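Hello,

Here is the structure I promised to pass on. My notes on what was found follow below it.

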Amino acid sequence: MSTKINIFDTTLRDGEQSPGASMNTEEKLVVARQLLRLKVDIIEAGFPISSPGDFESVRRVGELAGDDAVVCGLTRAVEKDIDRAAEALKAVKRPRIQTGIGVSESHMRDKLRITPEQCIERAIHCVEYAKKYVEDVQFYAEDAGRSDYEFLAKVIQAVVKAGATVVNIPDTTGYSLPWEFGQRIKYLMEHVDGIENVTLSVHCHNDLGMATALSMEGVRNGATQVECTINGLGERAGNTAMEEVVMAIRMHEAELNAHTDINTREFIKASKLVSSITGMQVQANKAIVGANAFAHSSGIHQDGVLKKRDTYEIINPADVGVNQSQIVLTARSGHAALKHRLDDLGYVYEGEELDAIYQAFLEMADKKKEVYDEDLESLINERGRNVEEAAYVLEGAQISCGFPLIPTATVTLRDAHGRSHTACEYGTGPVDAMYKAVNKIVDVENDLSEFSVSSVTRGIDALGEVTVRVTAGDGTAYIGRGADGDIIVSSTKAYLNALNRLIANKH
Ligand code: KIV
Ligand code: ZN
């Protein structure tokens, strides 16, 4: 019988740890809804002790998921972390606590400053402690990819005895070679008594560009849970991309004698949703979800595909949700058409909220003849960005520039107390002038390290979306995005969005 491989999504936890990819609770709920449409088995919704936002996200994603998915909260092997995770998961229908500790020499000696014996003691204790709260306890052996085989087996043996239901073997630093990582999984399968009674999970990072290959070797050697993220988001070079590992399993189902229950037709939608919410764009040549993943440009390839698709295409694009809808909305479209389209894009709105979005949609449709999916995504995300109390809101922006004028900007911002502030500055270009004017009002130390503009849709009236990255004095990076028909307004919104996030985090 074919083995079911559980898909454990960690976009909202490890994915969110990508520098600059932080999401607020509302944004996380939008992503969680899409994860449920994908039919993932487990959603890791956050690290509850790390911030009130993460706590809330675990609680609310749990509420949203109901019986449809297991919802997991991360902890260190520390009692107060576990208490906090248990509190966030209190009302969750299918709760799981993931707890664990570093098991490599480097982590034990240099990070935790503990002996291997103390490591085993703490591993056992954290599992037993978490078991007081929930039945489903997942143990992670951090940096397992660089650990000693025998010691790793000893730790895993101990936590299986202590009652762990899932054991997670992460290649935390993305160091392993796929065949070696496969050997490690096989070793555990052969040397840990009772391992057949728990779920063996793999969690691989992409530092050498091999996360998907590592996870596949894990599956080939006995892992029945794969941890992954949409678009491969995650710490440093990221995690295993869900779309890649799921499609690889699907393409080789017979050989692996394994399958997942993922609704792959939701992949493109999920990918676009996550990149538009986090501002982390997907490269055009990215497997499965990149803009060129199903584009054929050479004459020889085009000739082959036109004769028979599978000469150059191993996946039917429809199977991952490419080109599912081309509906274009206009100012004449009603509530129902807008709701239908939003539902399809993964955004569920009802009642007053839908009315407010409809009004914003009409304003946009008045300016643009046709409103495409990308315009809608941009409109929704603009609202999402403003859900959290913003320290400053843009009230007005004016620019004068040209040749031989000196670019000069005037900006008016409203602060959280309702007071308006106006400033004027000149600069080397219109954006420089505008950002200097904003800085005169918003006095926070920051360094603008990235600025990019892209057109959200087609045509001369397309929205221009600006993404900026600013680095605060303490080195933390913040992404800001803004979209508007006027590129200077988008630039100002994007900068303000990043500064608002910086200020919120500082507070
Ligand atoms: O990479 C890692 O080891 C992790 C663990 C917390 C599972 O993210
Ligand atoms: Zn990780």
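The structure holds 37 salt bridges. Each is a side-chain nitrogen of Lys or Arg within 4 Å of a carboxyl oxygen of Asp or Glu. This is a predicted model, so local features need pLDDT of at least 70 and side-chain atom pairs count only at pLDDT 80 or more, while totals for chains, interfaces and linings use all residues. Residues are numbered from 1 along each chain as its sequence is written, chains are lettered from A and ligands numbered from 1 in the order in which they are written, and side-chain values use heavy atoms, leaving out hydrogens and water.

Some of the pairs:

- K28 and E16 meet at 3.5 Å, N to O. K28 is in helix α1 and E16 in the loop between β2 (6-9) and α1, twelve residues apart. (Helices, H or I, at least four residues, and strands, E, at least two, are DSSP runs numbered from the N terminus.) Both residues are buried. Buried means under 20% relative accessible area, exposed over 50%, partly exposed in between, with a 1.4 Å probe and protein chains only.
- E142 pairs with K111, with 3.0 Å between the closest N and O atoms. E142 lies in strand β6 (residues 137-142) and K111 in helix α4 (residues 105-112), so the pair ties together parts 31 residues apart in sequence. K111 is partly exposed, at 44%.
- E135 and K131 meet at 3.3 Å, N to O. E135 is exposed, at 59%. K131 is partly exposed, at 24%.

K4, D41 and D261 are joined into one network by salt bridges that share partners.

Next, the domains. There are three: domain 1 (3-278), domain 2 (295-371) and domain 3 (387-506). Their bounds come from an automatic or database domain assignment. The C-alpha centres of domains 1 and 3 are 37 Å apart. Ten residues of domain 1 are in contact (heavy atoms within 4.5 Å) with seven of domain 3. The rule finds one salt bridge across this interface. E27 and R501 also form a salt bridge (3.5 Å, N to O).

Last, the cores. A nonpolar core is a set of buried Ala, Val, Leu, Ile, Met, Phe, Trp, Tyr and Cys residues joined through side-chain atoms within 4.5 Å. The largest has 113 residues, of which F139, I156 and M242 touch the most other members. Helix α6 (residues 149-162) gives the most to this core, nine residues. Domain 1 and domain 2 both contribute, so the core lies between them. A second, separate core has 27 residues, including A423, M434, Y435 and Y495.

Best wishes
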